[in-house]
Amino acid sequence: MKKAGLAVFSRTHIFVANQFNFMIRKSCIYLVILLCSFCTAKAQFVKGERMVGASVASLVFNSGTADITVAQIGSNTSRITSYNVSIMPSMGWFISNKTVVGASLNINPNGNKTTYEQNGSTYQSDKMHSYNIGLGGYARHYLNGNGGLAPFGQLSLNAGFSNLKTEGFFYGGSGATAYKTTYDGNSTSGFFMNASFTAGVTKMVSENAGLDLYIGYSYSYNKNTFKKTTLRDIGNNGSIDERLENETTTKFTNNGLLLGVGFKYS
C-alpha cells in the first residue's frame, strides 16, 4: 500500500474544516445580533465594580470525507473528525469608569481523528487528543458608547499546562513485504501560551448584564515532550518483530483570526 495523495488529502481537510468553522461562527454572530436587536439598556460602568464573564472563543465539532483517484494508484477515501472547545471564565474589576483589569481561567480540550481507506479497507489511522488548562490576565478599555452599545479594546495573555495523547497504525507493502506499524505517545508535562488583541462591542441587555461580540488577532504556542512507542509487525501475522521507544518533542505556533461571543455581568 502506498501513501500517494496524502498531501492532497491534508489540503482538502483544512478547507472542509475551515468552511465548517466559518459557518458556525457566522451563525453565532447572527444570533447575537438578533438577540441584541430586542434589547435596550444603557452602558454604565462605575469604578470599583466587579465584572464576571465567560467567553466562548471556539466550540466546534466537524467531520468530512475526501475521495481522490490517483492514476496507477487507485481510489482513496479519507475521513476526518475533530472537535475544539475553548472556554474562558473571567473576573475583573473596574479601576476607572472605562477600564477593567482581571484574571481568567483557560479550558481547552481538542482532538482529531483521520483515517485513510482504499478498496474498502482502512490502511492508516491517526488520533490526537489534547487538553490545556491555565491562568491568564486581561485589560479592557471601553470607549464612549452610544445608548446600550459600548465599544472596547482588550489585551489578553494566558499560559498553563497541556496534555497530549496520540495513537495510530499504518499498513504498508504487499505480499511477502507486507507489514503493520502501530504507535502511541503520551505527554503530561506540556506547556502552552497564547496572547490576543481584540476589538468588539458590549451590548447591554439589562442594567448589569451584557453580551460581547468581538474580533481580533491571536498568537499561540504549544510545546509537548512525550514518550512514543512504535511497534512493527513484519509479515502482518500478529507478532511484534520490532519495538522502538523514544521521546518526541513537538512545538506548534499559530497566528490567526479570532471571532467570539461572550457574556458579562457587573
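Which residue forms a salt bridge with arginine 79? In this predicted model, where local features need pLDDT of at least 70, side-chain atom pairs count only at pLDDT 80 or more, and totals for chains, interfaces and linings use all residues, the partner is glutamate 117, with the closest N and O atoms 3.1 Å apart. Residues are numbered from 1 along each chain as its sequence is written, and side-chain values use heavy atoms, with hydrogens and water left out.

A salt bridge here is a side-chain nitrogen of Lys or Arg within 4 Å of a carboxyl oxygen of Asp or Glu, and the structure holds three of them. Strands (E, at least two residues) are DSSP runs, numbered from the N terminus. On burial, the cut-offs are under 20% relative accessible area for buried, over 50% for exposed, and partly exposed in between, with a 1.4 Å probe and protein chains only. Arginine 79 comes out as partly exposed at 38%, whereas glutamate 117 is buried at 17%.

Next up is arginine 140, which forms a salt bridge with aspartate 212, again with a closest N and O distance of 3.1 Å. Arginine 140 belongs to strand E4 (residues 121–142) and aspartate 212 to strand E7 (residues 209–234), so this pair ties together parts 72 residues apart in sequence. Both arginine 140 and aspartate 212 are buried.

The remaining bridge joins glutamate 245 and arginine 243, whose closest N and O atoms are 2.9 Å apart. Here glutamate 245 is exposed, at 54% relative accessible area, and arginine 243 is exposed as well, at 57%.

Now for the rings. Rings of Phe, Tyr and Trp (its six-membered ring) pair if their centres lie within 6.5 Å; planes under 30 degrees apart count as stacked, over 60 as edge-to-face and the rest as tilted. By this rule there are six aromatic pairs. One of them is tilted, between tyrosine 116 and tyrosine 123, with 6.3 Å centre to centre and 35° between the planes. Tyrosine 116 is buried at 8% relative accessible area, and tyrosine 123 is buried at 2%. Another pair, tyrosine 142 with phenylalanine 152, is edge-to-face, at 5.7 Å centre to centre and 65° between the planes. Tyrosine 142 lies in strand E4 and phenylalanine 152 in strand E5 (residues 149–172), so the contact ties together parts 10 residues apart in sequence. Tyrosine 142 and phenylalanine 152 are both buried. As for clustering, Tyr116, Tyr123, Phe170 and Tyr179 form one aromatic cluster.

Strand E5 also holds alanine 150, which counts as buried at 2% relative accessibility. The C-alpha atoms of alanine 150 and lysine 203 are separated by 6.5 Å, although the two residues are 53 apart along the chain.

Tyrosine 142 turns up again in the cavity lining. A cavity is a set of points, on a 1 Å grid over the protein atoms alone, where a 1.4 Å probe fits but cannot get out; lining residues have an atom within 4 Å of a point. The structure holds one cavity of 30 Å³ or more, and about 50 Å³ of space lies in the largest cavity, a volume being the space filled by probe spheres set on the points, which are joined across faces, edges and corners. Among the lining residues are Phe45, Met51, Tyr142, Thr202, Met204 and Lys264. Strand E6 (179–204), E7 and strand E8 (242–265) each give two or more residues to this lining. By class, the lining has six nonpolar, four polar and one charged residues, where Ala, Val, Leu, Ile, Met, Phe, Trp, Tyr, Cys and Pro count as nonpolar, Asp, Glu, Lys and Arg as charged, and the others, Gly among them, as polar.

Finally, a look at the backbone. Asparagine 119, in the loop between E3 and E4, has a positive phi of about 55° although it is not a glycine, and is exposed at 72% relative accessible area.

How values were computed. Helix = DSSP H or I, 4+ residues; strand = E, 2+ residues; numbered from the N terminus. 1 Å grid on protein atoms, 1.4 Å probe; cavity = no way out; pocket = protein on both sides within 12 Å on 5 of 7 lines; lining within 4 Å.
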